[in-house]
Amino acid sequence: MSLVTVQLGQCGNQIGHELFSALCSDIHGPHGLCSKKENQSYQDSCKERFFCEEESAVPVARAVLVDMEPKVISQTLSMAARSGHWKYSSHSHFCQKQGSGNNWANGYSVHGPRHKEAIMNLVQKEAEKCDRLGGFVTIMSMAGGTGSGLGAFVTQCLRDAFPTSFLLNHVIWPYGTGEVIVQNYNSVLTLSHLYHSSDALLVHENDVIHKICAQLMNIKQISFRDVNQVIAHQLGSVFQPTHTAGGGSGYSRNPLGDLMETLVSHPEFRMLGLRNIPQMPESSLPYSTFSWPGLIKHLRQMLIANAQMEEGIDWQVRPPHPGSSIPSTDKPLHFNTSLANLVILRGKDVHGVDLGSFQDPSLYTSWLSPQDAFHAWKTPRAFNKYEKSASLVSNSQFLLRPLDSIVGKAWNMFASKAYLHQYTKFGIQEEDFLDCFTTLEQVISSYTNL
């Protein structure tokens, strides 16, 4: 099945470009570490999923690019074409001249309705090129105006136009220190609207990725491109083909459906976090060796201690003892309870790996059995030069603290009516804000009580 990617705003378009570049370098790399037959079926599956072949023999990304300013899209199109490995279609982008001025309401209430027909026509054409449409992945930021406001509008349009297709929003959480004065408003409005129309939200936090660039990748002066490349690597580690548990011998044909089935068992819980290990500069790879037991042990502790990367994990955090029916408020400090987890393993000797430690009932909420809450996907095909790599996609309390913080900051501004006139002039009223706060307070409450 094929996925159509919708890249929204500056952030979405830049990450989308890095994602397709990472997928392409992975399938062309000589580092499969698996049989020729396995490698060939992996490459075919990836191409069907993300690219369509045209007469030129250069794969064309199944993507629609949307921005309210032309600069980033024209850069993105030309960089892809120059790579020689893949390109965007020359007819699948939409841009305007005026931008959204970091105002969510401008993107949602003005640009969205005004350009709906043109954008949805592009999406429809892209969807019609797929033999079997597996769903949509939107890539957007929450802080600005186009990615967040127009992104929320386009997500609703996708849900209306394709009611039976899977819809995953990949969302970039803004830096805590702030990029835009109204980023907390924009974030609250985006998240609450996406919660009503999306199947799941896969979230990357800028602060976390920045830390990975500094501490694991040893980058001294970190650019947005560095951050985007780490995000693209992590997304690729999830979306590249794998064998699912009950999927027979072939590669999974329905990546988004499988992801939703394993992780989103209840409509109240749609927030997915992603962890990936190991991560290091390419120059260090020849000098590093990894064992599966070591990687799995680190990944499990990252899960239960809510650590963002393999350095600086708090090894003191332990799951509560089985049988001790502690009310959720008295759980061990910092313990991260999960609703569902998916571990994806890629590389050598992958089929003999013991994942029993992830099936411990004390990691999960009491109303789901570990058999339903935990799944593993595997492939002997290595990913992006890593001999062995493991990813964890988790529906857990990962995002509780950042969500609580962003809602709190937005509420403080709202209580003093700061900057509200910027939104009301585009038709977003105080009641709309209150509805959004209510939605997110409910999400916070649900995750707190896991």
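**Salt bridges, cavities and a buried asparagine**

Arg159 counts as buried, at 18% relative accessibility. Buried means under 20% relative accessible area, exposed means over 50%, and partly exposed lies in between (1.4 Å probe, protein chains only). The model is predicted: local features need pLDDT of at least 70, side-chain atom pairs count only at pLDDT 80 or more, and totals for chains, interfaces and linings use all residues. Residues are numbered from 1 along each chain as its sequence is written, and side-chain values use heavy atoms, with hydrogens and water left out.

What does Arg159 pair with? Its salt-bridge partner is Asp199. The closest N and O atoms of this pair are 3.1 Å apart. Helices (H or I, at least four residues) and strands (E, at least two) are DSSP runs, numbered from the N terminus. A salt bridge here is a side-chain nitrogen of Lys or Arg within 4 Å of a carboxyl oxygen of Asp or Glu. By this rule the structure has seven salt bridges. Side chains of opposite charge can pair when their charged atoms come close.

Glu387 and Lys348 form another salt bridge, with the closest N and O atoms 3.6 Å apart. Glu387 lies in the loop between strand S12 (374-379) and strand S13 (388-396), and Lys348 in the loop between strand S11 (338-347) and helix H11 (370-373), so the pair ties together parts that are 39 residues apart in sequence. Glu387 is partly exposed, at 35% relative accessible area. Lys348 is also partly exposed, at 35%.

Lys129 pairs with Glu126, and here the closest N and O atoms are 3.4 Å apart. Glu126 is buried, at 2%.

The loop between S12 and S13 also holds Asn384. At 11% relative accessibility, Asn384 is buried. Its C-alpha atom is 8.5 Å from that of Leu23, a residue 361 positions away along the chain.

The whole structure has four cavities of 30 Å³ or more. A cavity is a set of points on a 1 Å grid where a 1.4 Å probe fits but cannot get out, and its lining residues have an atom within 4 Å of a point.

The largest cavity has a volume of about 110 Å³. Of its 13 lining residues, the closest to the centre are Val203, Glu205, Val208, Leu274 and Arg275. S9, helix H7 (206-215) and strand S10 (271-277) each supply at least two lining residues. Domain 1 (2-270) and domain 2 (282-321 + 332-399) each give at least three. These domain bounds come from an automatic or database assignment. The lining has seven nonpolar, four polar and two charged residues.

The second largest cavity holds about 60 Å³. Among its lining residues are Met271, Ser394, Phe398, Leu403 and Tyr447. S10, S13 and helix H12 (400-415) each contribute at least two residues. The largest share, three residues, comes from S10. Here the lining divides into seven nonpolar, three polar and no charged residues. In these classes, Ala, Val, Leu, Ile, Met, Phe, Trp, Tyr, Cys and Pro are nonpolar, Asp, Glu, Lys and Arg are charged, and the others, Gly among them, are polar.

Note on methods: On a 1 Å grid over the protein atoms alone, a cavity is a set of points where a 1.4 Å probe fits but cannot get out, and a pocket is an open set with protein on both sides within 12 Å along at least five of seven lines; lining residues have an atom within 4 Å of a point. Grid points are joined across faces, edges and corners, and a volume is the space filled by probe spheres set on the points.
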